[in-house]
Amino acid sequence: MATSYDSDALPTLSEKIDTATSDDFKKEKDVVDAVEAQSEDDGVVYLNGEPVVTTGLDVSRFLVDIRDDGEDSLTFRSLFLGTVLAGLGASLYQIYLFKPVQMSVSTVFLLLINYTIGNAWAAFLPRRSWVEGTRLQSLGPIIHFINPGHFTLKEHVVSTLVASTAAYGSTAVLNFAVQRLYYNTHVEALTAVLATFSTACFGYGLTGILRPLTVYPSEMVYWGNLPNVAVFQTLHFDTTGNGKRLKLFWSAFTGMFVYEIIPAYIFPILNGFNIFCLASQHASQKTVDVFTNLFGGTNGNEGLGFLSLSFDWQYIGSTYMSWPLIQQGLVYLFLADINKTYSCVANAWVGPAKKLNQILIGRQAMQKYKEAPVWWYLILLVLAFFAGLIVVIKGQTTLPWWSYIVALILGGFITPFSTLLYARMGNGVATNQLMKMVAGAINPGRPVANLYFSMWSHDVISTSIGLAGDLKMGQYLKIPPRVMFLTQVWGTILGSVINYVVMISVVDAQRDILLDPQGTNVWSGQVTQSLNSAAVTWSLAKQLYGRNGPYLIIPLGLVIGMVPTTIQWFIWRYSAWMSVGVNSTITSSIIVGLVSQLWLRKYHPGWYKKYNYILGGALDGGAQVMIFILSFAVFGASGVQKPFPAVRIFPFFNDTCLLTSPISQWAGNPAVGNVDYCNGNGALD
């Protein structure tokens, strides 16, 4: 039975912390005791002995451990592992940008792979103790430099954050892909790296300056990072259960790695099994067309994918195993939460007691470390600014220098608001199309300039949000701020180079498919097509969206949408989700989210806390590693495509097509038409 506690007659957390930390907050144990005691003060609900986490303060009390062992974080091992894993993470991210469904690279997967390699490094490479008292004792410092011993939490975090920062990707790289595909412009490698560096580091500079507002308060949670924090702490602080956790991880990873080749390559119909599509094989053409629009969804831009079941984890993913249901769009009170967000941030700066209440829990253990000074971030802003200015002046952007400055000003203005909303609610300000609209107004007739204007405004905002989330993770896990600065800058540089190299490989090898509006169930150019279409249409804003234009209602939608905010958000969320690409995974994603966040989290919180995130990361990792291998081995990312042999095993639906087609096939891998057998709208032509 769930129990709650009345807080009216009990002292506040601020009062307890004031009492417990009278000696300049040096007694961390007293702080911990005060925080734990507060669990009975604020109406915390327990279920099966486990607290139900609902607020940022709950996160600080129950999910984040204040423990800090003071170990080294920036070592040769942590940087080497981070650099190697950055190659894997950034490559996977870039490959998925050219897939029918865009998936992020699981940080939980990266950290678990990292944990295994790091422990093997510590166990099997020579240690300093091996040569002490021997003729090789002089090599002790070198051996210790390479293998400092136990693979620590902080080394683990630093190396993982290098990899995950590199895996963020950048709109800049997509802009280069658009220029390569549609304008036959081959942007030079140095220009590409400078542009990507400029965008990412300008966003990071803003993030560093805004830390006191967007990172330090405890209500700035960044919910999507909590799975990573929980797994980090569990692996290093609660080692008694690591055997079971690692067994689960490697079992799930191996099973998904082996399984993923079936839906991805051998049996692609598993990506979207729909009984309505299968039942429509002998229906009239009009019915087939309607069914395709409603229930089809395995091929690019095929249909809405209603009631399709997908068994292909590469497109389902663990995203909905990580986000609370309220942030998955099932319940959303937008305006009320905006007010709550700003009130929480304001409370963090009004009076000593309230300031402690919001900031102390997450920041107390960080006071021993030197803060990264603001001037570091200011220098980064200046370097990023001039790197971008060089690209604008010397590169093939068609963007005027003054427009570049306007883009940065707009991005810098919106960044704090969008970051605050994302930190609290998991959703920021939608600026992608807004920035393209502004670019079209001030740079008419210049689609490429539109792309770059959006990059230095919208992409600065999205990059700032991602890097702010990583800074929060560093705060949760007690990584020194100066180490975090170096970690994120290095990851940004690595990502700039790796994303560009992989983009060139995929675009050159799959050019025809990426230019095809339909694509295939393996490759799709929908992201680059969408970017180019938006850039072209907004560059013709006066003709298309002006007073006498046919689409005036589109810019007016900004005004109309301010009134029914909640309804507008829900419609946008739903329509944007089911507009392009492969939609057959939606039902399965919803089921996964309900099982994880409703059933496991509510009724089995103990199992959820121990294994939910590890299972999700393992499944993501197994699927993504197999896709990485298949992309270059058989899908043609390196230039040579090797389709799975389409062998006729037994007659299936659409017998006429089977008898007359010269191409042999089998039921799970049809050689003609859509994979799910919803073959309306000319799919068999």
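The link of Cys-277 and Cys-678 is left-handed, with -90 degrees about the S-S bond. The model is predicted, so local features need pLDDT of at least 70 and side-chain atom pairs count only at pLDDT 80 or more, while totals for chains, interfaces and linings use all residues. Residues are numbered from 1 along each chain as its sequence is written, and side-chain values use heavy atoms, with hydrogens and water left out.

The structure holds one disulfide, the term being used for a pair of cysteine sulfur atoms within 2.5 Å. The sulfur atoms of Cys-277 and Cys-678 lie 2.0 Å apart. This pair links distant parts of the chain, 401 residues apart: Cys-277 is in helix α14 (residues 275-279), and Cys-678 is in the segment after α32 (655-660). Helices here are DSSP runs of H or I with at least four residues, strands are runs of E with at least two, and both are numbered from the N terminus.

Both Cys-277 and Cys-678 are buried. Buried means under 20% relative accessible area, exposed means over 50%, and partly exposed lies in between, with a 1.4 Å probe and protein chains only. Another cysteine, Cys-201, counts as buried because its relative accessibility is 1%.

Two loop residues come next. Leu-307 is not a glycine, yet it has a positive phi of about 60 degrees. Leu-307 sits in the loop between α15 (285-295) and α16 (313-316), and it counts as exposed because its relative accessibility is 55%. Thr-398, also not a glycine, has a positive phi of about 60 degrees. The loop that holds Thr-398 runs between α20 (374-394) and α21 (401-425). At 44% relative accessibility, Thr-398 counts as partly exposed.
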